[in-house]
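Subject: Structure for you to look at

Hello,

Here is the structure I said I would pass on. Please open it first, then read my notes below.

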Amino acid sequence: MAKERYDVVIIGGAVMGSSCAYWLSENPDFDGTVAVVEQDPTYAKASTGLSAASVRHQFSQPVNIALSQFTSEVIANFHEMVEVDGYAPALGFRETGYLFLATEAGLATLRRNHQVQRALGVEVSLLTAAELHTRLPCMNTDDLAGASLGERHEGTLDAFALMAGFRQRARHNGVTHLTDRVVGLQHTPDRVTAVQLASGIELDCGHVVDCAGTRASTMSSMLGLGLPVEPHVRSVFVLDCPDTLDLGPGRRWLPLTVDVSGVWMRSEPPHHLAGGVPRSDLGVDHDDFRVRRDEFEDQIWPSIANRIPAFERVRVTHSWAGHYAFNTLDHNAVVGPAPSHPNFVFANGFTGHGLQHAAGIGRGVAELICHGEYRTIDLTPLGYERIVTESPFVEENII
Ligand SMILES: Cc1cc2nc3c(=O)[nH]c(=O)nc-3n(C[C@H](O)[C@H](O)[C@H](O)COP(=O)(O)OP(=O)(O)OC[C@H]3O[C@@H](n4cnc5c(N)ncnc54)[C@H](O)[C@@H]3O)c2cc1C
């Protein structure tokens with residue numbers, strides 16, 4: 001059996017694995033070797049490429065806000081950060097904003113989140129229904145009591161470009177990329193010693209980082225560690241609307257609007273996108289990428305047409321389904337070392353917000369491996385300990 005040795009082996013090479021590899025290889029205090037093992041270099045089923053690729057600062061938990069704020073810094077400096085020989089993939093960031101809507105019942109939560117966000121410097125406005133109608137005349141605000149509108153730094157980008165940028169620079173810095181599948185972990189009672197690949201190659205390792213997305217729990221189960229992460233399907237619909245929306249003065253795009261029904265919609269010029277949470281939101285098979293067309297008819301279309309009457313006349317031109325790596329305990333990320341095997345590091349369970357947090361999570365994982373502690377954003381609240389004690393760390397703004 002062929003044997004190789006790496007200081008860090010990263011399982012999964014999509015946005016999270018690429019970010020971890022990038023930050024390790026950029027850390028001046030790290031001179032070790034890194035291998036990223038990816039089973040499918042087309043990333044056809046990875047959440048990363050099937051994402052709605054949006055970034056927001058409007059979270060309820062300070063750690064999630066801090067991660068998004070860091071992403072905005074990365075977006076602003078991406079070219080310099082990842083360029084190789086003058087080339088960097090273009091992120092194409094469009095600052096559309098996010099808009100959270102609330103009826104009377106949801107107003108207290110909206111206000112509470114607003115206070116947390118403003119205290120941390122988020123540029124967000126709390127609007128009455130009348131103010132919202134002035135800002136976005138296309139919107140029916142009759143049943144609303146208020147709204148929270150992001151004024152800066154929120155929007156959409158090219159998910160593949162984010163991943164490709166981190167990956168190209170990591171490769172340039174000497175990170176090895178292996179096209180292979182992790183099928184086993186060798187371990188003692190308190191550490192992982194080697195990663196076994198389907199090809200028969202065995203990788204001795206210092207650390208292992210689990211960036212396997214929806215398959216993350218398969219990895220941790222090899223150490224006997226439970227992880228409440230499973231694939232949940234999300235269908236996204238691309239819409240043509242024959243009418244031009246009245247978006248008010250100066251606004252070019254419909255913000256990513258989270259309706260009181262839970263359905264979301266946004267511009268994707270020249271189209272619009274919409275999606276929602278299935279009524280029965282259960283784990284699905286890893287190969288089940290069937291678009292839930294009935295969801296559009298039963299849930300999404302009625303909601304978007306109620307909110308924006310012009311959407312009564314939309315036509316679905318295209319659709320796709322992707323998987324959330326869904327954390328069934330609290331819909332939040334699980335990041336950090338396994339207490340029983342401290343050289344095994346989780347970077348999982350991002351549910352619907354992993355793309356926008358990949359930069360900060362990757363930097364944090366690199367700090368943990370290089371320095372034994374988080375030095376920038378404290379990711380301790382996202383640690384695995386809460387999984388063991390079943391103590392949810394609840395994020396109220398989950399989409
Ligand atoms: C429809 C949809 C909309 C979304 N919208 C947003 C959004 O607007 N904003 C946002 O921030 N996030 C969004 N997300 C979530 C976001 O896409 C994910 O959180 C993020 O992409 C997770 O990245 P990842 O690298 O952890 O996982 P993935 O992208 O799933 O990558 C995991 C990788 O691990 C590899 N792998 C798995 N097992 C093995 C193995 N045994 N050996 C080798 N390789 C393995 C897989 O092949 C895969 O490439 C959305 C997701 C979906 C599905």
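The chain splits into two domains: domain 1 covers 3-86 + 158-228 + 330-388, and domain 2 covers 98-153 + 234-321. Please keep in mind that this is a predicted model. Between the C-alpha centres of the two domains the distance is 30 Å.

Where they meet, 12 residues of domain 1 are in contact with 18 residues of domain 2. On the domain 1 side, helix α2 (residues 62-82) gives the most, with 3 residues. That side is made up of 4 nonpolar, 6 polar and 2 charged residues.

Next, the interior. In soluble globular proteins, nonpolar side chains tend to be buried together. The largest nonpolar core here has 74 residues, and Val 9, Cys 20 and Ala 347 are among those with the most contacts inside it. Helix α8 (residues 354-371) supplies the largest share of this core, 8 residues. A second, separate core has 35 residues, Leu 99 and Ile 399 among them.

Last, the backbone. Most residues other than glycine have a negative phi, and most peptide bonds are trans. Tyr 43 and Ala 53 each have a positive phi of about 55 degrees. Tyr 43 lies in the loop between β2 (34-38) and β3 (54-55), and Ala 53 is in the loop between β2 and β3 too. Tyr 43 counts as partly exposed because it has 19 C-beta neighbours inside 10 Å, while Ala 53, with 22, is buried. The peptide bond from Pro 269 to Pro 270 is cis, and Pro 270 sits in the loop between β14 (264-268) and β15 (271-275).

Regards

Technical notes. Residues are numbered from 1 along each chain as its sequence is written. This is a predicted model: local features need pLDDT of at least 70, side-chain atom pairs count only at pLDDT 80 or more; totals for chains, interfaces and linings use all residues. Domain bounds come from an automatic or database domain assignment. Two residues are in contact if their C-beta atoms, placed from the backbone, lie within 7 Å. Helices (H or I, at least four residues) and strands (E, at least two) are DSSP runs, numbered from the N terminus. Ala, Val, Leu, Ile, Met, Phe, Trp, Tyr, Cys and Pro count as nonpolar, Asp, Glu, Lys and Arg as charged, and the others, Gly among them, as polar. A nonpolar core is a set of buried Ala, Val, Leu, Ile, Met, Phe, Trp, Tyr and Cys residues joined through C-beta atoms within 7 Å. A residue is buried if 20 or more other C-beta atoms lie within 10 Å of its own, exposed if 12 or fewer, and partly exposed in between; C-beta atoms are placed from the backbone.
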